[in-house]
Amino acid sequence: DIAVVKLGGNNSKIRTLPLDRNFTNHSTAGGFTVEPGNRTNFEPQLSISSEDFKKYFFEPGTYNFHVILKAESSNGAKNSERDIDVTIVVPQLSEITIPGGNTEVTFIFNTMQQYNSGQTKSIPNQIRVSNNEKFEVYVKSSAKYFYANGMQTNLNASVLEIGAAGNSEKVALSTTSQQILSNSNPTIDKDLHITYTISASSAQSLIPKEKKTYAINVIYSFTAL
C-alpha cells in the first residue's frame, strides 16, 4: 500500500501525511503567503517508519512509485503539476549477530551425576539473524580438538552437540559446517535459542582426561536459498 510512505517537507507549513492515489492537501489552512518574487522553496521529504519498512520492504528487489506534486491557488483558478519518480532499492540482506555479548557457554563437571547423565545448556535468544530470503543456519568449530592453556589437546570437538530451537536434531561439532536450521522463512531480527549438549557417553569419556579448563570456538553462519 502506497500509504506506508509519508510525504512531508522542511517547511513548517507542510504537513507530513501518507501518500494517496488522490490529491491530498499537505499545506496548512490558509496555505502559503505570497513571497517576494512569487517563489516559495521547500524540500520534499519522504519517510517510512521502521516497523513498516520491516513489514513491507524486507524482500529484496526494486520498488517504484510515482509522486505528482500540484500547487494550486486558493480559489482553484491556477495550478501547476510536476512529477517525481521514486525508486527504493532493497538489496539482499544477510546478517547474524550475538546480541548482548552472550558469547560464552560453560560446562562444569564436578559431580558423578554430571558425568553419568551428561549436561545440556540452553541459551535463549543467543543468536539473532536477519535475512530477506529463505535461509539455513550452520555451525562448525574453529579446530578439530579443544585447547587448554593455549595448547591443542586430544579432546575431540565432537563431544559437544549443538542444536537450534525449531529443529529437533543436534549435530556433533566438527570443523565442517553442519546445518542446524533449514528452509527458514525470510525474517528480520529473529532470535534463535541455541542448545549445547554433552551427552552421558561423552561426559564419561571426560573422566580420564586431565582436570583442566578446555575451550573451543564455535562459529555460526548462514546462507540464503
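Reader: Which residue is the bridge partner of tyrosine 138 in S15?

Author: This is a predicted model, where local features need pLDDT of at least 70, side-chain atom pairs count only at pLDDT 80 or more, and totals for chains, interfaces and linings use all residues. Residues are numbered from 1 along each chain as its sequence is written, and side-chain values use heavy atoms, without hydrogens and water. Strands are DSSP runs (E, at least two residues), numbered from the N terminus. Within S15, tyrosine 138 has as its bridge partner serine 221.

Reader: Over how many bridges do S8 and S15 pair?

Author: Two strands pair if DSSP finds at least two bridges between them. S8 and S15 pair in the antiparallel sense. The count of bridges is seven.

Reader: Which strands stand at the edges of the open sheet of three strands?

Author: The sheet has antiparallel pairing and runs in the order S13-S8-S15. Two of these strands have a single partner each, so one side of each is left without a neighbour in the sheet. The edge strands are S13 and S15.

Reader: Is histidine 26 buried or exposed?

Author: Histidine 26 is found in the loop between strand S2 (17-18) and strand S3 (44-47). Contact means heavy atoms within 4.5 Å. Beyond its neighbours within four places in sequence, histidine 26 is in contact with Leu7, Lys13, Ile14, Arg15 and Leu17. Buried means under 20% relative accessible area, exposed over 50%, partly exposed in between (1.4 Å probe, protein chains only). Histidine 26 has 13% relative accessibility, so this residue counts as buried.

Definitions and conventions
Helices (H or I, at least four residues) and strands (E, at least two) are DSSP runs, numbered from the N terminus.
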